[in-house]
Amino acid sequence: MILDLHTHSIKSDDGRAKVQNYCQWIRAREIPIDGFVLTEHRQYDATSDYSSLASEFGLCILKGSEVETEYGHVLVFGVTDALLATFDFSDIRLPLQRVVEACAAHGAIPVPCHPGRKRVGMQAHVGEFGVPEGVRIVEIYNGGSRAREDEIAQTMADDLGYLGIGGSDAHIVSHIGRCATRFPATISNTPELVEALRAEDFEALTFKT
Amino acid sequence: MDIEALKEEFLNKDFDEQSFDVDADDIVNFALACGEIAPRYTDPSHPDFQAPPTFASSFHAGRRMPEGFPKIPGLGMDGGKASSLKHPIRPGVRLVGRTHLHDIYTKTGRSGPMTFLVMRMEIYDPDGVQLATADTSVVIRERPGK
């Protein structure tokens with residue numbers, strides 16, 4: 001099963017895509033993914049219900065978040081009410097260690113995203129802050145990153161022994177599915193996604209041309 | 001900069017009110033500039049003649065920011081516009097636009113930390129019916145080298 005693990009809808013301040021339009025695009029253009037995770041910036045969208053769209057288009061639509069730390073941006077999979085209560089998702093200066101520890105305490109998975117990017121990527125801050133504890137997975141293919149930035153991410157992952165995922169970081173409809181992650185098992189809900197990430201059996205994919 | 005304190009003091013309080021007289025030429029010129037070809041936007045004789053949905057974003061407030069709003073250090077630039085149409089805007093009426101600071105938020109990008117200020121103009125017809133909203137965002141980013 002292939003999921004795009006990093007997407008933004010109009011719920012994000014800079015997102016320009018409606019979820020329905022993502023679904024239509026995936027089917028109309030035969031994008032080779034089975035679903036996607038909405039990782040809205042600095043928030044968790046607890047209210048939107050995309051189950052009818054998921055049924056209509058035969059796609060898995062899940063929700064996570066993208067928060068901001070001193071190491072750059074971090075995807076969070078497995079957000080729960082309890083996790084939401086532990087830190088302010090809108091804070092752009094979250095300590096990564098706090099996010100990592102909160103995720104560990106509440107069964108979520110933190111994944112530093114586009115780690116090769118200047119300022120908002122983890123690699124740019126490792127020299128200053130050191131290698132963070134508790135990170136197991138980083139995003140090595142990001143649909144919005146430049147080629148050199150993905151290379152930096154992959155090198156960092158190799159050097160530090162991280163596993164890699166892929167996500168498009170789509171903000172507009174036509175960018176969905178540019179990068180994704182293949183899992184051996186079928187995933188139909190967030191706990192299954194968390195379990196699959198925890199099993200550390202997945203492969204980052206890029207379809208960027 | 002304490003964003004929460006700024007929100008507490010300035011958010012959702014009207015700080016400007018302007019009147020706008022919209023005539024058919026304004027609408028046609030705007031529509032043509034946008035590349036519209038639908039007659040309801042370009043032909044004043046059309047029975048459903050009205051302004052294109054983004055027309056509301058062409059209105060400007062008299063003040064850019066609420067009185068007393070502090071200067072946020074950095075480089076300011078246009079952060080984009082967004083409009084939402086609730087009812088058609090038609091010519092021949094005097095509209096009123098009331099503006100308030102709708103949101104303040106921060107984010108980090110490749111260029112570093114940024115603060116976004118979102119001004120929202122609510123546009124009303126003479127009967128007090130809200131026709132549209134038009135958001136104007138200003139983004140203030142850190143000066144390079146910081």
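Helices (H or I, at least four residues) and strands (E, at least two) are DSSP runs, numbered from the N terminus. This is a predicted model, in which local features need pLDDT of at least 70 and side-chain atom pairs count only at pLDDT 80 or more, while totals for chains, interfaces and linings use all residues. Residues are numbered from 1 along each chain as its sequence is written, and chains are lettered from A, with ligands numbered from 1, in the order in which they are written.

Begin by selecting chain B, whose secondary structure comes to three helices and five strands, and follow the elements from the N terminus in the order α-β-α-α-β-β-β-β. The C-alpha trace of chain B spans about 55 × 30 × 20 Å along its principal axes. Of its 146 residues, 17% count as buried, that is, with 20 or more other C-beta atoms, placed from the backbone, within 10 Å of their own.

Next, colour the strands of chain B: the five form an open sheet in the order E1-E3-E4-E5-E2, with antiparallel pairing, where two strands pair if DSSP finds at least two bridges between them. Select strand E1 (14–21) and strand E2 (75–85) of chain B, which stand at the edges with a single partner strand each, so one side of each has no neighbour in the sheet. From one strand to the next, the twist averages 25 degrees, taken between axes that are lines fitted to C-alpha atoms, with angles running from 0 to 180 degrees between N-to-C directions.

Definitions and conventions:
Buried ≥ 20, exposed ≤ 12 C-beta atoms within 10 Å, placed from the backbone.
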